[in-house]
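Welcome, and thanks for taking a look at this one with us. Here is a short briefing to read alongside the structure.

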Amino acid sequence: MAKVISTLFISADGVAEIDPDWHFPYFDDNMGRCVGEDYDTSDVLLIGRETYDSFAGAWPEREAAGGEDAGFAKQLGDVRKVVVSRQPLEFTWRNSELIAGDLVEAVTALKADPGVKGILIPGSISVVQQLLAAGLVDEVRLLVHPVAARKGRRLFDEGDAPYHLKVTATEVFPTGVIRVIYAPGEPPAKAGYDDVKNQVPASE
């Protein structure tokens with residue numbers, strides 16, 4: 001079964017709505033390598049309408065320009081792109097298609113498709129939130145910037161129950177960016193203060 005992987009740039013206070021002013025100063029070779037690793041995991045991109053419009057408005061021109069980023073632009077153009085939108089779309093970027101029907105049902109079918117290796121969700125906060133709630137996200141890969149953005153949309157929205165996660169990998173870059181990869185985890189055993197008070201530092 002194909003994995004669903006979410007990959008996001010995020011601030012230390014949880015904002016995943018990118019502001020170029022706090023994002024690009026931290027982008028270096030290490031971050032570029034991680035982005036490449038994320039995209040190499042998958043043969044399907046699952047993206048929301050806003051993310052698609054942003055990508056389609058930039059990457060085809062960069063591919064055509066033949067600059068330093070043309071190779072990555074071609075990779076994005078060649079990959080299958082499944083777009084989540086409530087409105088019909090006319091696609092000008094190759095290998096793009098509108099998701100058919102209900103998001104959760106469609107992603108469940110994609111995960112079960114033997115012809116799909118992996119599904120990557122770059123950005124697309126609302127898509128990630130819906131799939132987290134449905135239990136369909138297998139990994140959340142965060143590049144945590146050492147900045148408190150203080151405004152913008154956060155990844156984890158308000159809800160009734162916490163998402164329990166386990167850390168499967170971490171890496172710290174010289175810029176202060178921390179790469180953290182999470183997978184769904186089991187909740188810890190219930191505990192209260194009486195259960196942990198023996199761990200409180202003892203006075204000397």
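UniProt positions are given here in the numbering used for this chain, and annotations may be inferred rather than shown by experiment. With that in mind, the unreviewed UniProt entry annotates residues 3-178 as "domain: Bacterial bifunctional deaminase-reductase C-terminal". Please remember as you browse that this is a predicted model.

**The annotated region**

**Helix α2**
- Helix α2 runs over residues 29-40, and its twelve residues should span 16 Å at 1.5 Å a residue; the end C-alpha atoms are 16 Å apart, in agreement with that expectation.
- Which residues of α2 are buried? They are Met31, Cys34, Val35, Asp38 and Tyr39.
- Viewed down the axis of α2, the buried residues fall within an arc of 135°, so they line one face of the helix.
- The general rule behind such a pattern is that an α-helix has 3.6 residues a turn, so residues three or four places apart point the same way.
- Asp29 and Asp40 are exposed, on the other side of α2.
- At the start of α2, Asp28 brings a side-chain oxygen to within 3.1 Å of the backbone nitrogen of Asn30.

**Pro88 and its loop**
- Pro88 sits in the loop that links β3 (80-84) and β4 (96-98).
- Is Pro88 buried or exposed? Its relative accessibility is 74%, so Pro88 counts as exposed, the cut-off for that being over 50%.
- Pro88 and Val116 are 28 residues apart along the chain, and 24 Å separates their C-alpha atoms.

Terms used: Residues are numbered from 1 along each chain as its sequence is written. This is a predicted model: local features need pLDDT of at least 70, side-chain atom pairs count only at pLDDT 80 or more; totals for chains, interfaces and linings use all residues. Side-chain values use heavy atoms; hydrogens and water are left out. Helices (H or I, at least four residues) and strands (E, at least two) are DSSP runs, numbered from the N terminus. The expected span of a helix is 1.5 Å times one less than its number of residues. Buried means under 20% relative accessible area, exposed over 50%, partly exposed in between (1.4 Å probe, protein chains only). The arc is that of the directions from the helix axis to the C-beta atoms. A polar contact is a pair of N or O atoms within 3.5 Å; within protein, one must be able to donate a hydrogen and the other to accept it, and residues adjacent in sequence count only if both atoms are side-chain atoms.
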